[in-house]
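Please open the model in your viewer, with residue selection and chain colouring ready, and follow the stops below in order.

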Amino acid sequence: MSLRVAVIDYQGGNLASAARGLELAAVHRQIPVDVQITSCPDDVRRADKIVLPGQGAFADCAAGLANVDGLKASLLEQVAAGTPFLGICVGMQLMAERGLEHGITPGFGWVHGDIAKMDVGSAKLPHMGWNELRFEPGSHQLLEGLKPDDHAYFVHSYALTNGLPDETIATTDYTKDIVAMVAKNNMAGTQFHVEKSQAVGLQILGNFLSWSP
Amino acid sequence: MLKLRVIPCLDVKDGRVVKGINFTSLRDAGDPVEQAALYDQAGADELTFLDITASSDNRDTILDVVQRTAEKVFLPLTVGGGIRTVQDMRRLLLAGADKCSVNSAAISRPELISEAAEKFGSQCVVVAIDARQTAPGQWEVFSHGGRKPTGIDVLQWAKRAQTLGAGEILLTSMDRDGTGEGFDLGLLKTICNAIQLPVVASGGVGELQHFVDGAKAGATGLLAASIFHFGKFKINDVKQALASANLPVRL
């Protein structure tokens, strides 16, 4: 029986890379998977794992998700019922309480904190490129097989602020500590593009497929 | 610490990689998907495809190239060349591109930048600027593959692109492109100091020191084509040269 993975499609953008990354990670782990790019609530309900990618503005992504009939409801239900969830980039940001871009937009409120514009002084924004992950080795299953200072690919101008240390499992340094990964119970998210982070990204996707929170 | 990005650029025409000297006299340097996979293994930080299939007949060949590349390569992929509409961008993003770079179409209709940024997010929108020096400290924007003068000042255009919601500037010196004399450092400094967006330097690298010079001038991305394709340097040679100059790279 294959592991059913739903990659939620609510706006377009590059979902193919996330789906292919999951498939390749599954081959490496010898986990049979059925990865579906879908906006159908029933597919989300049937899924063993849920992945929510996201690009662009927090408010647009939140609206895009709400615009598909029943999609958001199915996501919230399944995650509340314990289905492992991985949010990528804005998909991770949506896990927070609020987004503060173009007014205030509520997030899922799964982790503490708000998504606010990064205050980096005269440094370039977006924070774009490869940056090191900082984490406590052995602190979370999703980080297994990674070394602190492995690099991940980031593109973002907004980040989680006022988060809880308990819910932050990795950070990166861009003029100061930036939240790179969050996790709580069956919910996890990466600010960086795990599907664009070569071997490091595939390792995390594989960890997610093996993850039993 | 954020690392400099070393970005090989593949000029693609009708689905094949080519690279011109000063944009003419093209030479065939192979299959784009194979090359992309090699660059991926060699430690490239991103990849750029520049589609120079100018006629609309063969425009869809790039979609196939992007799709086949994205199946193999888990690295950020930028595609530029001939993009005129938000719909063009959407098709490329769906095929597996992460960023689209717009040039001539954005010059004739700057709202394209804001429309694309609204629809896909700024991080998807690269504004490519082909610049030619007109006077000391002054550069003019050229469109249509660097053939057509626009009368627009490069600095003003870069600032406008930032305001409209671009996520990155790809800055090519037409004076240096294909010469191997190094980036136009005056141009780079002028633009990098004036805007907050990341700037990718392009046009002119011939020696390893040129990458170091470009980074010191403020570029956070360093793009090159010929020197990689024809094997003069490997990606790792560039990174070692940057590291030796105490610049941050992902090794």
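**First stop: a tryptophan in chain A**

Begin by selecting A:Trp211, which, leaving aside its neighbours within four places in sequence, is in contact with A:Pro84, A:Gln141 and A:Leu142, two residues being in contact if their C-beta atoms, placed from the backbone, lie within 7 Å. This is a predicted model, in which local features need pLDDT of at least 70 and side-chain atom pairs count only at pLDDT 80 or more, while totals for chains, interfaces and linings use all residues. Residues are numbered from 1 along each chain as its sequence is written, and chains are lettered from A and ligands numbered from 1 in the order in which they are written. A:Trp211 sits in the segment after α6 (198–210) of chain A, where helices (H or I, at least four residues) and strands (E, at least two) are DSSP runs numbered from the N terminus. With 18 C-beta neighbours inside 10 Å, A:Trp211 counts as partly exposed; a residue is buried if 20 or more other C-beta atoms lie within 10 Å of its own, exposed if 12 or fewer, and partly exposed in between.

**Across to chain B**

Next, display the contact between the chains, which takes 28 residues from chain B and 29 residues from chain A. On the side of chain B that touches chain A, the elements giving two or more residues are α2 (61–72) and α3 (86–95) of chain B, and α3(B) gives the most, with 3 residues.

**The core of chain B**

Now select B:Cys100, B:Val127, B:Ile169 and B:Leu171, which touch the most other members among the 154 residues of the largest nonpolar core, a nonpolar core being a set of buried Ala, Val, Leu, Ile, Met, Phe, Trp, Tyr and Cys residues joined through C-beta atoms within 7 Å. Centre on B:Ile169, and, not counting residues up to four places away in sequence, you will find that it touches residues including B:Val127, B:Ala158 and B:Ile191.

**A helix pair**

Show helix α6 (residues 154–164) and helix α7 (residues 185–194) of chain B, whose axes come within 10 Å and cross at roughly 35°; the axes are lines fitted to C-alpha atoms, for helices over the stretch in contact, and angles run from 0 to 180 degrees between N-to-C directions. Here B:Val154, B:Leu155, B:Ala158 and B:Lys159 in α6(B) meet B:Thr190, B:Ile191 and B:Ala194 in α7(B).

**Two helices with a buried side**

In helix α1 (residues 32–42) of chain B, select B:Pro32, B:Val33, B:Gln35, B:Ala36 and B:Tyr39, which are buried. They cover an arc of only 160° around the axis, which puts them on the same side of α1(B), the arc being that of the directions from the helix axis to the C-beta atoms. Just after α1(B), B:Gly43 takes a positive phi of about 100°.

Move on to α10(B), where B:Ile235, B:Val238, B:Lys239 and B:Leu242 are buried. Seen down the axis of α10(B), these buried residues fall within an arc of 95°, so they line one face of the helix. The buried residues of α10(B) pack against β1 (5–13), α1, α8 (208–216) and α9 of chain B. α10(B) is followed by B:Asn246, whose phi is positive, near 60°.

**Last stop: a loop glycine**

Finish at B:Gly231, in the loop between α9 (226–229) and α10 (235–244) of chain B. Is B:Gly231 buried or exposed? B:Gly231 is exposed, with 8 other C-beta atoms within 10 Å.
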